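I opened my notebook on this model today and wrote down what I looked up. Come along through the entries.

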Amino acid sequence: MQAWTSEGHRAGANQDWQDLLSASLGIDGDWSPMLSSILERLRRGVALSLSDGVQLFNHPDLHEVGRLANCVRTAKFGNHAFFNSNVHINQTNICVLACRFCAFRRGPKAEDAYAMDIDTYLNDLEQYAPFVDEVHSVGGLHPKWGVEHYESLFQACKEKFPHIAIKALTAVEIKHLGQLSNLPTLDVLVRLHHAGLHSLPGGGAEILDDEVRAIICNGKESSEEYLRIHGEAHSIGMHSNCTMLFGTIESIEQRVKHMISLRSLQEQTGGFQCFVPYPFLPDDSRLPQAQLATGTEILRTIAVSRLMLTNIPHIKAYRMNIGDHVAELALQYGADDIDGTVQKESIMHLAGSNAPLDHDRARLARIIEDAGCIAVQRNTTYESFSLFEAPTIKPRRSLKMAQ
Ligand code: SF4
């Protein structure tokens, strides 16, 4: 089995990706004339501007935007596309906030409110432990669980399952722990890192615009706090992901500004490894003004992300949210990573996702290969990789023709 490693900040990207990109963009004549200034910037390694991002969102030829994003993807990773073996455990749905887009949170007295104590969490994880190397845990802001609770949870987890990396707690959960335990967020991060927290997921960024946040997630961390907490995590050697929830009430310009805010922090810290853009899944009760993003809108947003965020190594197709079919297409529109085997997940499924949860590695690899890529299994922080060798898949039987 072919295996290799990479430093965390490069996360497996080719060192000479900028040269490869310039070569793969070819000549201006291969592209629409209106893209010429964007091509020029990409060739020179200059970050795209706000107006470039808006232009890409409005460009009449979606496939051309996808082809451009695909040039960046292949310059960075060749034809490799990545996945990992993970499980999502959402430790509690009890939350002191009530964000308007959230279908997951419950008040403490709700019939279906739950909070896993440490033993329940460990027993749950035990079922998946032989098959995974990452547990992804985010949940509600529990009114009583302070930093001590999570220290005990992570220590117990590391003791029992030392091979499993813990990717847990969004920025607002870190902020909440700081408030409950009366500690600065940096101290919370230092203590949890010491207890076994490996990296932070990127959830909760939504749209980094405080006017939008005041409407869709009033009371959550501000844009500045989201960025500060991730910057603090990076400063103590933890990597993190970042996200964007699109399709609520934001404008195209606010989406692009969101990407630029993340890119600016990345310029300072280099600690983001993956950007995960995913659409809001609306229903009649939450943000009724929002509309379900179409497949082309999702693909375009992923492609623009790849082009705006050339300093963040990976762009993820979050199949829990966009489903397997769009995720597969996204691998041709700039995404290079597909969320893992997952096994169990509540937040997106309560919001309406019907993405399958029982994918084994061979089925994930099949999605990647059908998209024309080579499946590579990675560890949680993109530092070790191995080419996935799928067991031979039986050829499909063709249907008998009617006589
Ligand atoms: S999004 Fe998070 S913070 Fe907001 S209500 Fe849901 S669980 Fe609570």
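**Ground rules.** I am working with a predicted model, where local features need pLDDT of at least 70, side-chain atom pairs count only at pLDDT 80 or more, and totals for chains, interfaces and linings use all residues. I number residues from 1 along each chain as its sequence is written.

**Entry: the ligand.** The shell consists of C95, L97, A98, C99, C102, F104, R105, G140, L141, V172, C217 and K220. I then sorted the shell by class: nine residues are nonpolar, one is polar and two are charged. For this I counted Ala, Val, Leu, Ile, Met, Phe, Trp, Tyr, Cys and Pro as nonpolar, Asp, Glu, Lys and Arg as charged, and the others, Gly among them, as polar.

**Entry: strand β12.** My strands are DSSP runs of E with at least two residues, my helices are runs of H or I with at least four, and both are numbered from the N terminus. Two strands pair if DSSP finds at least two bridges between them. Strand β1 (residues 3-5) runs antiparallel to β12 (residues 384-387), with three bridges joining them. Strand β11 (residues 374-378) is also joined to β12 by three bridges, again antiparallel. Which residue of β12 is the bridge partner of W4? I found F385, and F385 is the bridge partner of R378 as well.

**Entry: Y382.** The hairpin of β11 and β12 has five residues between the strands. Y382 lies in that loop, and its phi is near 55°, a positive value in a residue other than glycine. Is Y382 buried or exposed? I call a residue buried if 20 or more other C-beta atoms, placed from the backbone, lie within 10 Å of its own, exposed if 12 or fewer, and partly exposed in between. Y382 has 25 C-beta neighbours inside 10 Å, so it counts as buried.

**Entry: the loop between β1 and α1.** A11 is not a glycine, yet it has a positive phi near 55°. A11 counts as buried because it has 23 C-beta neighbours inside 10 Å. H9 sits in the loop between β1 and α1 too. With 17 other C-beta atoms within 10 Å, H9 is partly exposed. I also noted that H9 and T269 are 260 residues apart in sequence and 9.5 Å apart in space, C-alpha to C-alpha.

How values were computed: Near = placed C-beta within 6 Å.
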